[in-house]
Amino acid sequence: MKKRFVTTLISLIACIACAVGLAACGDDADPVAGKTYEFEKVEITKGADGAVKEEAEAQLNLLYAGSEIVFGDDSEFTMSVMGQPQTGTYEQSGTNLTLTVQGESQTANVKDNYVTVSIDNSGIAATLYYKAKTATGGTDEGGNQGGNEGNISSGVLNVSGKTFVFSDMTASFDESVNEETQKQINETITQMKTAYNGSTIAFNENSGFTMSVMGQSVSGAYTQNGKNLVLTANNHPQDFILNGYEITATHTEGGVTQTMYYLLQE
């Protein structure tokens with residue numbers, strides 16, 4: 001399972017990063033012209049299941065946070081893919097979209113407020129969901145409110161108004177993880193550290209936060225209860241622990257513990 005997780009995660013990132021094709025669900029047609037669609041979530045539909053699927057989706061949701069598809073009024077569109085823009089042209093006829101990038105075309109569909117991006121390559125399939133932004137730019141479902149007043153213990157840093165910068169990502173293993181799997185996971189960690197280099201988490205003073213990853217940013221709400229932090233964006237909560245001037249997020253699965261570290265920006 002652990003070896004499969006590493007292979008699945010790397011393959012998914014590679015497949016999705018190269019994806020241009022767009023597809024959508026349903027039969028109802030909404031014109032996309034002049035609209036911006038913001039990344040909501042990714043679902044793996046083939047190639048992984050169980051805990052492997054959940055962890056890969058969690059990693060990809062974080063990587064794609066802030067990604068957008070912008071449809072112009074002049075039949076041009078721009079799609080951001082992990083911080084890299086792809087620009088092309090589109091035509092819409094009812095439920096059908098034809099998108100063309102560098103001379104290559106893909107048939108697509110759209111329904112209601114959603115456009116989906118589907119990838120199927122080398123036995124791995126995933127779908128990215130993009131939701132139309134409101135006229136005012138929209139807000140995260142659940143809002144940016146929440147409040148953490150009165151939950152900060154004496155001697156514990158209040159993160160409100162502070163920014164933390166990504167510093168490290170590590171993996172530790174128990175005796176059930178063999179050397180080959182440890183090596184593969186450590187190689188993945190090295191790639192992820194490069195992807196997160198320069199990432200920041202900025203906590204504002206109204207219980208909202210903004211996290212930047214690979215040139216993209218996502219906003220959400222947070223709560224602080226002593227040393228415990230919960231950051232929620234796009235309905236995906238993530239637990240962090242505050243230790244002095246450092247916050248960490250830890251995930252343990254199948255004998256592997258992964259930890260991300262962010263340090264208070266001076």
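Start by selecting α2 and α3: α2 passes α3 in a left-handed crossing (the near helix is turned anticlockwise from the far one by less than a right angle). The contact, meaning heavy atoms within 4.5 Å, is made by Gln59, Leu62 and Leu63 of α2 with Met192, Ala195 and Tyr196 of α3. Color these by class and you get five nonpolar, one polar and no charged.

Before you go on, this is a predicted model, where local features need pLDDT of at least 70, side-chain atom pairs count only at pLDDT 80 or more, and totals for chains, interfaces and linings use all residues. Residues are numbered from 1 along each chain as its sequence is written, and side-chain values use heavy atoms, leaving out hydrogens and water.

Now look along the two helices, residues 50-63 for α2 and 179-196 for α3: they pack at about 25°, axes 12 Å apart. They are therefore roughly parallel to each other, a label for angles under 35 degrees.

Next stop: the largest pocket, with a volume of about 720 Å³. A pocket here is an open set of points on a 1 Å grid where a 1.4 Å probe fits, with protein on both sides within 12 Å along at least five of seven lines; lining residues have an atom within 4 Å of a point. Select Ala58, Gln59, Leu62, Pro237 and Gln238, which lie nearest its centre among 28 lining residues. The lining has 15 nonpolar, 10 polar and three charged residues.

Technical notes: Axes fitted to C-alpha atoms, helices over the stretch in contact; angles between N-to-C directions. Helix = DSSP H or I, 4+ residues; strand = E, 2+ residues; numbered from the N terminus. Parallel < 35°, antiparallel > 145°, perpendicular 65-115°, else oblique. Nonpolar A, V, L, I, M, F, W, Y, C, P; charged D, E, K, R; others polar. Points joined across faces, edges and corners; volume = space filled by probe spheres on them.
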